[in-house]
Amino acid sequence: MVAEIICVGTELLLGDILNSNAQFLAQQLAGLGIPHYYQTVVGDNPDRIKKVIDIALGRSQLLLFTGGLGPTPDDLTVETIADFFGSPLRERPEIIEDIERKFAQRGRVMSPSNRKQALIPEGADILPNSSGSAPGIIWQNPRDGVTIMTFPGVPAEMHRMWEEIAVPYLKSHGWCQETIYSRTLRFWGIPESALAEKVNDFFNLTNPTVAPYANHGEVKLRISARAPSESAAQELILPVEEELRKIAGLDCYGADGDSLASVVGQLLLNTGASLSVAESCTGGGLGAMLTSISGSSNYFYGGVISYDNRVKVGLLGVQEADLMEFGAVSSIVAKQMAVGVRSRLETTFGLSITGIAGPGGGSEDKPVGLVYIGLAGPSEEVESFEYRFGNIRDRHWIRNLSSCTALDQLRRKLLNS
């Protein structure tokens, strides 16, 4: 038995709203072991919604709708579903009472338009909404054994209805025979193609499966297993994960909810080391990543945003002559920034970033995307690393890559110490 997710709303097609509901439902279906192979986004148009339903009936047995349950004329989901199956709409007085009660609790009177939300196809059951005015429906077997559920587009309402009503219903009606559990390994400092070549043989596995994907400079390998229980799925995944980690070495920095900042933070805690940062082109982005981790005050002392050269000279001790000769975006300046912030804040490590984030400011010798990272540690040795992230004219992307790469260099340093 296969599920399909159908999200209704022209605002989704226009990109005005991020479709987080589809992601949530997909993750939930995987956890319940319910396969789903298709997702559709359709605008607020009855004819197109009917076409989507007609196609879905030929390949799926559980249709999950989100959106289009409100009181306005463009909220058409339930009435279109009823019309498709030739079922009349019936007003349910208990829904009217529930909506009136919720309005009264807020000191308001229910609008006449809200009566529309009490219209349910004949033969369908109510999927209660404990937090909002729009109920959904659970309609079992309107045609050929299909089950239909509708949810409002408001994510908080949909999540609660799913967890409180839909999941128990699906479990009690035989939908959840297995679970699909996934483990995601996270990589930095290796291109997706290079990693894929190293682990190519794993892509032929059937249970568990291994799939690569990349996002904002990070590469991930998702290992998914189907089994009667989560613990059984984890047992299938473990040996595959161990082999992948062994092949990847230091390029694998963590798994699942790990971030470079959290991993670096734990390494600093484990070694009793402290960190300070000096930033130019990232403008505090590196410090923001570090302080997003709870407890980071135990190892992160602070930083200097040395955007102007006078700050580099006055606070960090960068040599003015070197700025004149080599420029602010240079290896020697990155090194001096790292040494300066480490000395000024009296930390074990100093980490610096200077570069050209664009979209302007580049030259033939120093194009947009040129970044230097400096790393000063407890010994006298100071390192710098040059990166050319490319003139992609995306300032945010270059700044994020710079901050993450700086953390990755520190991570590798800590692991090799």
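Biologist: Which residues does Leu 268 touch, not counting those up to four places away in sequence?

Modeller: In this predicted model, Leu 268 touches Ala 273, Leu 275, Tyr 299, Phe 349 and Leu 414, with residues up to four places away in sequence left out.

Biologist: What makes the largest nonpolar core, and where does its largest share come from?

Modeller: The largest nonpolar core has 39 residues, and among those with the most contacts inside it are Leu 268, Leu 275 and Phe 349. At least two residues of this core are supplied by each of several elements, including helix 9 (260–271), strand 13 (275–279) and helix 14 (395–416), and the largest share, 7 residues, comes from helix 14.

Biologist: Why is Asn 129 called buried?

Modeller: Its relative accessible area is 5%, and buried means under 20%, so Asn 129 counts as buried. Asn 129 lies in the loop between strand 6 (125–127) and strand 7 (136–140).

Biologist: How do you know that the side chain of Asn 129 makes a polar contact with Gly 132?

Modeller: A polar atom of that side chain lies 2.8 Å from the backbone nitrogen of Gly 132, and a polar contact requires N or O atoms within 3.5 Å. The side chain of Asn 129 also reaches the backbone oxygen of Ala 134 at 2.8 Å.

Biologist: Why are helix 3 and helix 4 called oblique to each other?

Modeller: Helix 3 (residues 46–57) and helix 4 (residues 77–84) pack at an angle of about 60 degrees; because roughly parallel needs an angle under 35 degrees and roughly perpendicular one of 65 to 115, the pair is oblique. The contact includes Ile 49 and Ile 53 of helix 3 and Ile 81 and Phe 84 of helix 4.

How values were computed: Residues numbered from 1 in each chain as written. Predicted model: local features only at pLDDT ≥ 70, side-chain atom pairs only at ≥ 80, totals over all residues. Heavy atoms only, no water. Helix = DSSP H or I, 4+ residues; strand = E, 2+ residues; numbered from the N terminus. Buried < 20%, exposed > 50% of the residue type's maximum accessible area, 1.4 Å probe, protein only. Polar contact = N/O pair within 3.5 Å; in protein donor to acceptor, adjacent residues only side chain to side chain. Core = buried A, V, L, I, M, F, W, Y, C linked by side-chain atoms within 4.5 Å. Contact = heavy atoms within 4.5 Å. Axes fitted to C-alpha atoms, helices over the stretch in contact; angles between N-to-C directions. Parallel < 35°, antiparallel > 145°, perpendicular 65-115°, else oblique.
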